[in-house]
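Subject: Structure for your review

Dear colleague,

Please find the structure below, handed over for your own work. My findings follow it.

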Amino acid sequence: MKKTAIVTVLLCLFTIVTKAQSTTSKYDEKVKTLDSTIETLYAVISGEKGEARDWELMQFLFHPDAKLIPSGKSKEGTYKARFMTPDDYIKTSGKWLVDNGFFEKEIHRTENTFGNITQVFSTYEAFNSEKDTVPFMRGINSIQLLNDGKRWWIINIYWTQESKENPIPKTYLPKD
């Protein structure tokens, strides 16, 4: 009877350890630090025309309840925000990114951290090809992140593009 109980306990422990190991992802290194998480965010949406994106990795970056929130001026002249899940973003923008080529590059960053939460203001420039030297768009991504003690999660990305009426302040541009 004792041998059966010991074998049962060992099998249970083996099962628990095996399941715990199987939750390790091939992407864990990409969310280990704040820098690696932000770098991966920009890299995963960027690519030349016709180049597939790694949408599985994109989804891995985001907390299950995360939102992507573009904002800007509507045709009526009022500012609006649109709320999307990572899946919504992939469905609405994924094909365009691949069909047109898109590279978003961070050119400046400010960070504010308190405990396990961080707010990043990340100024970006967007190009259709990595070879382009003049961006077709600039803006600021406001990225909220959570560190759960094991990894960084993107909670939200809230962004707006630069415009004539709304130029990026010097505070959020690289120092020359």
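A polar contact, as the term is used here, is a pair of N or O atoms within 3.5 Å, where, within protein, one atom must be able to donate a hydrogen and the other to accept it. Please note also that this is a predicted model.

With that definition in place, I begin with Arg151. This residue sits in the loop between E5 and E6. Apart from neighbours within four places in sequence, Arg151 is in contact with Val31, Phe60, Leu61 and Leu146. The C-alpha atoms of Arg151 and Thr37 are 9.1 Å apart in space, although 114 residues separate the two in sequence.

Overall fold

The protein chain has 4 helices and 6 strands. Their order along the sequence is α-α-α-β-β-α-β-β-β-β. Of its 176 residues, 35% count as buried. Among contacts in the chain with a separation of 6 or more, 55% are between residues 24 or more positions apart.

In soluble globular proteins, nonpolar side chains tend to be buried together. Here the largest nonpolar core has 31 residues, and those with the most contacts inside it are Met58, Phe62, Tyr89, Ile143, Leu145 and Ile154. At least two residues of this core come from each of H2, helix H3 (55–61), E1, H4, E4, E5 and E6. H2 supplies the largest share, 6 residues.

Met58 touches Val44, Ile45, Leu68, Tyr89 and Ile90, when residues up to four places away in sequence are not counted. Leu41 lies in helix H2 and, at 6% relative accessibility, counts as buried. Leaving aside neighbours within four places in sequence, Leu41 is in contact with Leu61, Phe62, Ile143, Ile154 and Ile157. Leu41 and Ile154 are 113 residues apart in sequence, yet their C-alpha atoms are separated by 9.1 Å.

The largest pocket holds about 510 Å³ of space. It is lined by 25 residues, and Tyr89, Ser93, Met137, Trp159 and Gln161 are the closest to its centre. Two or more lining residues come from each of helix H2 (34–45), strand E1 (62–73), strand E2 (79–81), helix H4 (86–100), strand E5 (137–147) and strand E6 (152–161). By class, the lining of the largest pocket divides into 16 nonpolar, 6 polar and 3 charged residues.

The lining of the second largest pocket divides into 8 nonpolar, 6 polar and 1 charged.

Two loop residues

Ser129 is placed in the loop between strand E4 (117–127) and E5. With 14% relative accessibility, Ser129 counts as buried. A polar contact of 3.0 Å joins its side chain to that of Glu48. Residues up to four places away in sequence aside, Ser129 touches Glu48 and Phe103.

Asn116 lies in the loop between strand E3 (103–114) and E4. At a relative accessible area of 38%, Asn116 is partly exposed. Its contacts, leaving aside neighbours within four places in sequence, are with Leu145, Leu146, Asn147 and Trp152. The C-alpha atoms of Asn116 and Trp152 are separated by 9.1 Å, and the two residues are 36 residues apart along the chain.

Yours sincerely

Technical notes:
Residues are numbered from 1 along each chain as its sequence is written. This is a predicted model: local features need pLDDT of at least 70, side-chain atom pairs count only at pLDDT 80 or more; totals for chains, interfaces and linings use all residues. Side-chain values use heavy atoms; hydrogens and water are left out. On a 1 Å grid over the protein atoms alone, a cavity is a set of points where a 1.4 Å probe fits but cannot get out, and a pocket is an open set with protein on both sides within 12 Å along at least five of seven lines; lining residues have an atom within 4 Å of a point. Grid points are joined across faces, edges and corners, and a volume is the space filled by probe spheres set on the points. Ala, Val, Leu, Ile, Met, Phe, Trp, Tyr, Cys and Pro count as nonpolar, Asp, Glu, Lys and Arg as charged, and the others, Gly among them, as polar. Buried means under 20% relative accessible area, exposed over 50%, partly exposed in between (1.4 Å probe, protein chains only). Contact means heavy atoms within 4.5 Å. A nonpolar core is a set of buried Ala, Val, Leu, Ile, Met, Phe, Trp, Tyr and Cys residues joined through side-chain atoms within 4.5 Å.
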